[in-house]
Amino acid sequence: QVQVNESGGGLVQPGGSLRLSCRASGRTSSTYFMAWFRQAPGKEREFVGYRDWWSGGRTYYADSVKGRFTMSGDNAKNTVFLQMNSLGPEDTAVYYCAARINRLVLSAIRNPENYDFWGQGTQVTVSS
């Protein structure tokens with residue numbers, strides 16, 4: 001049984017920063033490909049970022065967060081982080097961490113259906 005656990009959400013003022021953490025565990029011999037998605041009320045779940053450990057930790061981002069959000073990770077611990085800077089009200093959402101064992105082609109990383117394991121989500125609220 002694979003478990004994905006996020007932490008680090010909360011309330012932050014516009015222009016502020018937050019750092020989310022996510023760890024996948026359960027299959028000690030596997031290194032997971034991991035991504036972040038978010039879902040605002042009344043909207044579909046949308047891609048935020050993806051980290052490809054196989055290529056040395058290369059990261060890919062949605063245009064809406066590029067330049068503000070940064071993913072990093074620790075392959076040995078199956079852990080990824082999402083550093084979020086210059087947050088605005090449009091970033092308010094539940095943030096989900098997702099993982100899969102097999103590498104994805106780039107055209108597939110933005111589709112949530114391509115991930116096998118999900119965390120419970122962590123709320124991020126940007127408000128003054």
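Mentor: Before we start, strands are DSSP runs of E with at least two residues, numbered from the N terminus, and please keep in mind that the model is predicted.

Trainee: In which loop is the place of Ser30?
Mentor: Strand β4 covers residues 33–39, and Cys22 lies in strand β3, which covers residues 18–25.

Trainee: Does Ser30 count as buried or exposed?
Mentor: A residue is called buried when its relative accessible area is under 20%. Because the relative accessibility of Ser30 is 9%, this residue counts as buried.

Trainee: Which residues does Ser30 touch, not counting those up to four places away in sequence?
Mentor: Contact is judged by heavy atoms within 4.5 Å. Once the residues up to four places away in sequence are set aside, Ser30 touches Asn78 and Ile101.

Trainee: A polar atom of the side chain of Asn78 lies 2.9 Å from the backbone nitrogen of which residue?
Mentor: Asn78 sits in the loop between β7 (69–74) and β8, and this residue is buried because its relative accessible area is 8%. Leaving aside neighbours within four places in sequence, its contacts include Cys22, Ser30, Thr31 and Met34. The backbone nitrogen that lies 2.9 Å from a polar atom of the Asn78 side chain belongs to Tyr32.

Trainee: How many nonpolar, polar and charged residues are in the lining of the largest cavity?
Mentor: The count is 1 cavity of 30 Å³ or more, and about 60 Å³ of space lies in the largest cavity. Its lining includes Thr31, Tyr32, Met34 and Asn78, along with others such as Arg51, Trp53 and Asp74. Sorted by kind, the lining residues are 4 nonpolar, 4 polar and 2 charged.

Trainee: Which hand does the disulfide of Cys22 and Cys97 have?
Mentor: A disulfide is a covalent bond between the sulfur atoms of two cysteines. The sulfur atoms of Cys22 and Cys97 are 2.0 Å apart, and this pair links distant parts of the chain, with Cys22 in strand β3 and Cys97 in strand β9 (residues 93–100), 75 residues apart. Both cysteines are buried. Because the torsion about their S-S bond is about -85°, the disulfide is left-handed.

Trainee: Is Leu87 buried or exposed?
Mentor: Leu87 is found in the loop between β8 (79–84) and β9. Leaving out residues up to four places away in sequence, Leu87 touches a list of residues that includes Val12, Pro14, Leu18, Phe69 and Val126. Its relative accessible area is 2%, and because that is under 20%, Leu87 is buried.

Trainee: How far apart in space are Thr125 and Leu87, C-alpha to C-alpha?
Mentor: The place of Thr125 is in strand β11, which covers residues 122–126, whereas Leu87 belongs to the loop between β8 and β9. The two residues are 38 residues apart in sequence, and in space their C-alpha atoms are separated by 9.4 Å.

Trainee: With the side chain of which residue does Thr125 make a polar contact of 3.3 Å?
Mentor: Thr125 is partly exposed, because its relative accessible area of 25% lies between the 20% and 50% limits. Leaving aside neighbours within four places in sequence, Thr125 is in contact with Gly10, Leu11, Val12 and Thr92. The polar contact of 3.3 Å joins the side chain of Thr125 to that of Gln123.

Methods
Residues numbered from 1 in each chain as written. Predicted model: local features only at pLDDT ≥ 70, side-chain atom pairs only at ≥ 80, totals over all residues. Heavy atoms only, no water. 1 Å grid on protein atoms, 1.4 Å probe; cavity = no way out; pocket = protein on both sides within 12 Å on 5 of 7 lines; lining within 4 Å. Points joined across faces, edges and corners; volume = space filled by probe spheres on them. Nonpolar A, V, L, I, M, F, W, Y, C, P; charged D, E, K, R; others polar. Helix = DSSP H or I, 4+ residues; strand = E, 2+ residues; numbered from the N terminus. Buried < 20%, exposed > 50% of the residue type's maximum accessible area, 1.4 Å probe, protein only. Polar contact = N/O pair within 3.5 Å; in protein donor to acceptor, adjacent residues only side chain to side chain. Disulfide = S-S within 2.5 Å.
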